[in-house]
Every structure is written in C-alpha cells, then in structure tokens.
Amino acid sequence: MRSDASLKVLYDGPQKQRGNRRRYDGKVNLADPSRFTFVETLADGVSLYAAVVWSVSLKRCIRLAYLRKDAALRSTHANPDAPLKFSIASLKRQALNEHLLDLFTATFDLEPTLTKSHPNDQTLLNYGVIAT
C-alpha cells in the first residue's frame with residue numbers, strides 16, 4: 001500500500017441507541033502507532049505493528065502490517081516519525097535472483113558453499129533492485 005492510502009480505523013466502542021451504527025473511528029495516521037497492535041521487534045530495532053482497517057479504495061477490511069524503525073537508533077538528521085521505506089518490487093527481484101542463482105548452481109553441479117561465499121554473490125542478488 002502507498003503511504004497516502006485512504007484507510008480508516010474500525011470503531012469498536014459502544015453504539016448509540018438509535019440510527020445507523022458507527023463504523024469508523026477516524027483515518028489511519030502512520031506517524032501515530034498507538035492504534036496499531038505491537039507484534040514484535042525485528043532485527044536492527046525495526047518494530048512490527050498490525051491492525052485490521054477499512055480500505056476505502058478496496059472497499060473491504062484488510063490486515064495492515066506496519067514496519068517502524070525505533071527513534072533511538074536513527075541519526076539526528078532523520079525524521080523519527082517517518083515510516084520505514086522499502087520496495088516490494090525490490091524484494092521480489094531479490095527473491096527471483098536468489099532462485100535463479102540456486103537453479104544455476106544445481107544445473108551446473110556447482111558447490112553451493114563456494115557460490116554463496118563468493119564476493120560477487122550480493123552483487124548478483126541485488127541486480128535490478130531499486131535503489132532506496
């Protein structure tokens with residue numbers, strides 16, 4: 001999802017006696033993780049949060065996973081409220097590159113430990129990845 005996607009928090013409080021029931025409790029603000037459920041802390045101080053929200057464009061409830069880097073580990077020049085940025089296309093490209101390298105290793109009967117420890121292994125894995 002884009003960082004500016006129109007997402008709404010689902011309302012789970014008491015309903016009023018008359019009229020339509022309340023469905024939403026405001027828009028999702030990625031700078032404020034208080035409405036998200038903390039799941040776990042990953043490597044390098046990255047925290048994983050999750051929430052079930054309403055997606056206006058998809059017209060359905062979705063489970064949103066949100067990665068946030070802890071402010072204590074950031075440099076003083078970075079905005080601590082900015083979300084962690086990454087590219088799904090880059091992750092897919094790296095997975096495909098890794099699959100192709102494993103396929104070549106198996107097809108040509110190469111020693112897997114030698115290919116994985118080669119200095120150019122990371123260069124080949126990151127071929128075609130979007131620079132962030």
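1. Basis. The model is predicted, so local features need pLDDT of at least 70 and side-chain atom pairs count only at pLDDT 80 or more, while totals for chains, interfaces and linings use all residues. Residues are numbered from 1 along each chain as its sequence is written, and side-chain values use heavy atoms, with hydrogens and water left out.

2. Overall layout. The chain holds 3 helices and 5 strands, in the sequence order β-β-β-β-β-α-α-α. Helices (H or I, at least four residues) and strands (E, at least two) are DSSP runs, numbered from the N terminus.

3. Burial and surface. The chain has 132 residues, of which 20% count as buried. Buried means under 20% relative accessible area, exposed over 50%, and partly exposed in between (1.4 Å probe, protein chains only).

4. Contacts along the chain. Among contacts with a separation of 6 or more, 35% join residues 24 or more positions apart. A contact means heavy atoms within 4.5 Å.

5. Strand β4. Strand β4 covers residues 46-55, and 8 of its 10 residues are buried. β4 pairs antiparallel with β1 over 3 bridges, with β3 (residues 37-41) over 4 bridges, and with β5 over 10 bridges. Two strands pair if DSSP finds at least two bridges between them.

6. Bridge partners. Trp-54 of β4 is the bridge partner of Lys-8 and also of Cys-61 in β5.

7. The nonpolar core. The largest nonpolar core has 11 residues, including Leu-7, Val-28, Tyr-49, Val-53, Ile-62 and Leu-64. At least two residues of this core come from each of β1 (7-10), β4 and β5. A nonpolar core is a set of buried Ala, Val, Leu, Ile, Met, Phe, Trp, Tyr and Cys residues joined through side-chain atoms within 4.5 Å. Leu-7 is in contact with residues including Val-28, Val-53, Ile-62 and Leu-64, leaving aside neighbours within four places in sequence. In soluble globular proteins, nonpolar side chains tend to be buried together.

8. Two hairpins. β3 and β4 form a hairpin with 4 residues between them, and Asp-44 in that turn has a positive phi of about 60°. The hairpin of β4 and β5 also has 4 residues between its strands. In the loop between β4 and β5 lies Lys-59, a residue other than glycine with a positive phi near 55°. Lys-59 counts as exposed because its relative accessibility is 64%. Most residues other than glycine have a negative phi.

9. Helix α1, length and faces. The 20 residues of α1 should span 28 Å at 1.5 Å a residue, and the end C-alpha atoms are 28 Å apart, which agrees. The expected span is 1.5 Å times one less than the number of residues. Ser-90, Asn-97 and Thr-105 are the buried residues of α1. Seen down the axis, these buried residues fall within an arc of 75°, so they line one face of the helix. The arc is that of the directions from the helix axis to the C-beta atoms. The face turned away from the buried side carries the exposed residues Lys-92, Ala-106 and Thr-107.

10. Helix α1, packing. The buried residues of α1 pack against α2 (112-116) and α3 (121-125). Ser-90 counts as buried because its relative accessibility is 7%. Not counting residues up to four places away in sequence, Ser-90 touches Val-129 and Ile-130.

11. Either side of α1. Phe-86 sits in the loop between β5 (60-69) and α1 and is partly exposed, with a relative accessible area of 46%. Phe-86 touches Leu-67 and Leu-91, not counting residues up to four places away in sequence. Phe-86 and Ile-130 are 44 residues apart in sequence, and their C-alpha atoms are 9.3 Å apart. Asp-109 belongs to the loop between α1 and α2. Asp-109 is not a glycine, yet has a positive phi of about 50°; its relative accessible area of 71% makes it exposed.
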